[in-house]
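Here are a few exercises to work through with the model open on your screen. Try each one yourself before you read the solution.

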Amino acid sequence: MQDLGIKVLFEGSNFARLLSGLWVTLEISLASVAFSLVLGVLLGMVMTLRNPITKVLTKIFLEFNRLMPQLVSLFLVYFGLTTAFGIDLSGQTSAIIVFSLWGTAEMGDLVRSALISIPKHQYDSSAALGLTKLQAYSYVIIPQTLRRLTPPAINLTTRMIKTTSLVVLIGVVEVLKVGQQIIEANRYTAPDAALWIYGVIFFLYFIVCYPISKLAGRLEKQWRN
Amino acid sequence: MTTKNENTLLEIEHLQKKYEDAEVLKDISFKVDIGEVTVVIGPSGSGKSTLLRCINGLEDIQSGRIILDGKSITDGKTKWSLVRQKIGMVFQSYDLFPNMTVLENVLLGPTKVQKRTRQEATASAEQKLLRVGLLEKRDAYPRQLSGGQKQRVAIVRALMMEPEVMLFDEVTAALDPEMVREVLDVILELARGGMTMVIVTHEMQFAQAIADRIIFIDGGEIIETGSPEEFFTQPKTERAQKFLNMFTFE
């Protein structure tokens with residue numbers, strides 16, 4: 001009985017289906033992370049402006065995206081937009097929109113804090129050398145900001161990959177959904193498949209996230225000064 | 001507008017600086033001749049550092065003029081990027097760029113701002129680093145250096161622009177006592193080489209040794225100027241006497 005569950009994994013194309021489900025997860029994650037990085041850098045720069053209007057607007061955007069549970073946002077975009085405005089988005093597109101907005105907010109805040117953590121003296125001594133603003137940013141400020149930013153940005157990436165598992169609930173067939181389907185289909189022949197399949201999914205997430213988080217730790221150590 | 005005295009390099013005329021309503025510098029006027037070492041001393045918060053920051057445009061001023069090489073640099077049309085190449089500045093907190101090695105730190109200005117060739121600038125950098133005893137640290141990162149070493153690199157970095165005048169803003173104030181000397185020696189060496197300098201310092205013996213002229217500032221005003229011999233032995237004003245007494249134990 002003990003090894004019945006794991007057998008399910010290798011029946012038919014089950015394992016390949018899981019992997020293709022994992023690919024859907026990764027597609028959503030990578031697209032969202034890519035949007036978040038680019039838009040987050042812009043947002044973070046805007047957040048350091050002294051303009052009171054941009055300050056309030058970005059603050060509202062940030063808090064809204066942070067406080068709103070991602071699941072509620074997903075429902076709001078996937079079901080809400082369709083019923084209220086007749087905009088028919090696929091689950092995958094809805095997910096990318098929601099996670100990109102959330103990631104942009106989080107990333108924006110990381111960029112903002114990295115930018116303001118550069119001591120004022122670095123700006124002064126760049127200026128005193130005759131560097132123009134653009135030169136000071138290119139050679140002095142941005143390289144230092146990137147160092148401070150990379151580890152938390154990588155952590156954000158792993159958080160986003162993990163959170164994409166929520167998209168099951170708006171019907172996207174990703175790794176978790178495929179797992180559920182396999183378990184359901186084998187309910188009678190392999191009643192303990194759940195442990196094995198979810199165990200494998202856990203392991204798949206681990207394989208994806210561990211190297212990324214390891215990289216963050218390494219960069220952090222390497223760049224500490 | 002040109003100045004009459006050909007030897008005058010830097011002229012401050014009726015400079016006034018305010019933060020909000022607080023007047024930090026009131027009607028400051030003095031001249032610095034080519035090759036002259038002017039040392040500005042005074043209590044903390046008297047406006048000494050602000051004065052240096054005004055001279056290279058890190059602070060805007062509310063009225064008055066600053067004239068460099070006979071040309072006003074405070075008329076609103078100043079290309080600070082150009083002016084700052086003529087005015088080297090070294091800060092209290094060294095402020096080397098932590099993402100670059102010593103050599104990269106000192107080459108940044110010459111190669112990016114002055115567009116000199118890397119080869120020529122490197123040769124000049126190596127020679128200057130040798131002079132301050134840090135050539136073997138050329139590939140080290142700032143975090144691997146002591147405070148005194150960082151400050152010497154910061155001086156070389158400013159010198160690399162071949163400035164006409166150097167501003168030193170309490171460059172030894174953040175250093176451990178045993179490292180003060182190595183930095184002051186470098187500055188003394190520069191003075192002997194004829195470099196024009198404006199130095200803000202709390203090291204009175206150093207001021208006495210290096211200065212051609214002392215300017216004593218208190219409360220944002222120049223209270224007294226004079227030769228170091230006069231100033232340190234027979235200060236004319238009561239405020240200067242009181243200030244100097246703080247440095248002696250009886």
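**Exercise 1. Is A:Glu106 buried or exposed, and what does A:Glu106 pair with?**

Step 1: start with accessibility. A:Glu106 comes out at a relative accessible area of 11%, so it's buried (buried means under 20% relative accessible area, exposed over 50%, partly exposed in between, with a 1.4 Å probe and protein chains only).

Step 2: find the partner. A:Glu106 makes a salt bridge with A:Arg159, and their closest N and O atoms are 3.5 Å apart. A salt bridge here is a side-chain nitrogen of Lys or Arg within 4 Å of a carboxyl oxygen of Asp or Glu.

Step 3: Helices (H or I, at least four residues) and strands (E, at least two) are DSSP runs, numbered from the N terminus. A:Arg159 is partly exposed, at 37% relative accessible area.

A word on the ground rules: this is a predicted model, where local features need pLDDT of at least 70 and side-chain atom pairs count only at pLDDT 80 or more, while totals for chains, interfaces and linings use all residues. Residues are numbered from 1 along each chain as its sequence is written, chains are lettered from A and ligands numbered from 1 in the order in which they are written, and side-chain values use heavy atoms, leaving out hydrogens and water.

**Exercise 2. Describe the salt bridges B:Glu36–B:Arg213 and B:Asp185–B:Arg181.**

Step 1: B:Glu36 and B:Arg213 meet at 3.2 Å, N to O. B:Glu36 sits in the loop between β2 (22–33) and β3 (37–41) of chain B, and B:Arg213 in strand β9 (residues 213–218) of chain B, 177 residues apart. Both B:Glu36 and B:Arg213 are buried.

Step 2: B:Asp185 and B:Arg181 have their closest N and O atoms 3.1 Å apart. They lie four residues apart in helix α6 (residues 177–192) of chain B, so about one helical turn separates them. B:Asp185 is partly exposed at 34%, whereas B:Arg181 is exposed at 58%.

**Exercise 3. What holds the contact between chain B and chain A?**

Step 1: count residues. On the chain B side 23 residues are in contact with 20 of chain A (contact means heavy atoms within 4.5 Å).

Step 2: get the area. The two chains bury about 1,900 Å² between them, 59% of it on carbon and sulfur atoms; buried area is the accessible area (1.4 Å probe) that two parts lose on being put together, summed over both. In chain B, B:Phe97, B:Asn99 and B:Arg143 lose the most area to chain A, together 26% of what that side buries.

Step 3: look for charge pairs. There's one salt bridge between chain B and chain A: B:Arg53 with A:Asp124, at 2.9 Å between the closest N and O atoms. Both belong to a salt-bridge network that also includes A:Lys120, B:Lys17, B:Glu59 and B:Asp60.

**Exercise 4. How many residues of α3(B) are buried?**

Step 1: ten of the twelve are buried, so α3(B) is largely enclosed by the rest of the structure. Among them are B:Val102, B:Leu107 and B:Pro110.

Step 2: see what covers them. The cover includes α7 (133–163) of chain A, plus α2, α4 (118–131) and α5 (147–159) of chain B.
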